[in-house]
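Hi,

Here is the structure I promised to pass on.

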Amino acid sequence: MDYKYIYTALTRTSDLADNPFEVKKLDKEKWATGDYVVCKLTDVGTNDAKLELTNGRLRGVMEGDVLVGALGIRHATLEATGTWKEVGEDGILHVLSWGGLLGKLTSRSIFMPRFMEIRYLGHACRGGKNLTMEDFVKPVEHKKFETPVILFIGTSMSSGKTTSARIVTGILKAAGLKVVGAKITGTGRQKDILAVKDVGADAVFDFVDAGLPSSICPPEEYSKKLEYMLDRISAEAPDVAVIEIGASPLEPYNGELAYQGIKAQVKCVVLSASDPYAVMGIMDAFHLKPDIVTGISSNTLGGRELVEKLCGVPALNLLDVESIPRVKSILRQRLGKDI
């Protein structure tokens, strides 16, 4: 590996760390989402700043470090928004996600620390062509998606989706099932899919494997990427797929399109909610009734009672070991398997 650069998580599907490339400045009109670019860190923003590496580990950074990431767009309602399309002539960008999503910060929550500021040095190029995430998408055979799905959705980011997916994956693996984990919308990081990998998922995939730095892209493009992700899952021949739709459904991450694409195979829906009233919003937006409501809204007896009163669905704190028998019972009924 070439240690001249920090290779962020969004380069994990590429060979950039192992094979040489040139760094060449391109005019802005030639830039595009998913382009691999090389940038110099000019302001760390906060002493806690980290970058996620291709192996999923986090490393600290210093001013002057040079990183390789991908141009992209983020539109997180609770944290920050930004896009490479707003980069000016000064070539100043920000690290919009520790996974290496790069673009110009356009807004951030007052509760968020300052973002890392970087300066564009050039695109990663070979043979006169700039390299993109799309260049490294692995071929896969297309087939009809018939894998049973347990779907994890949330009322917002950081509502508990990944924690719930991790716990349920552990239950399924303990029952001897082959499980594939996937996150099909959101912003590029590895931590969510690695969370289910760490408890035994036999394989994990996300939209980065399909060549996207985030799932913000035109609907027709996302539909093709979703088909690719489902083909990758099918190729593993799992008993069940644990699938997370990241962010919230009405953010511009194509969450509604993702749901419609897998709806026919969804056997169980686990909704992580930030508050009881948000449960009603998700039920209305997706026109679905979850099988389990969990997350922040289920942390107290008061929250669970309010969810069940408002929405008529069971609310369970999956972090409470006493809830696990009921979770197993629901999974057994929905999947028709011995769990």
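Below are my notes, going from the whole chain down to a few places in it.

First, the ground rules. This is a predicted model, so local features need pLDDT of at least 70 and side-chain atom pairs count only at pLDDT 80 or more, while totals for chains, interfaces and linings use all residues. Residues are numbered from 1 along each chain as its sequence is written, and side-chain values use heavy atoms, with hydrogens and water left out.

The whole protein

I get 7 helices and 18 strands; these are DSSP runs numbered from the N terminus, with helices being H or I of at least four residues and strands E of at least two. The radius of gyration is 20 Å, which agrees with the value near 20 Å for a compact globule of 339 residues (taken over C-alpha atoms; the globule rule is 2.2 Å times the number of residues to the power 0.38). Along the principal axes, the C-alpha atoms fill a box of roughly 55 × 45 × 35 Å.

Of the 339 residues, 57% count as buried (under 20% relative accessible area, with exposed over 50% and partly exposed in between, using a 1.4 Å probe and protein chains only). Take the contacts (heavy atoms within 4.5 Å) between residues at least 6 apart in sequence: 70% of them join residues at least 24 apart.

Helix α3

Helix α3 covers residues 219–235, and its 17 residues reach 24 Å from first C-alpha to last, close to the 24 Å expected at 1.5 Å a residue (that is, 1.5 Å times one less than the number of residues). Its buried residues include Y222, L226, M229 and I233, but also K225, D231 and R232. What do the buried residues of α3 pack against? They meet β14 (179–185), β15 (203–206), β16 (240–245) and α4 (255–262). After α3 comes A237, with a positive phi near 50°.

Around α7

N317 sits in the loop between α6 (301–311) and α7. N317 is buried at a relative accessible area of 17%, and beyond four places in sequence it touches T294, S298, N299, R304 and S323.

I324 belongs to α7 (residues 324–335) and is buried, also with a relative accessible area of 17%. Setting aside neighbours within four places, I324 contacts I167, I171 and L318.

Over to you!
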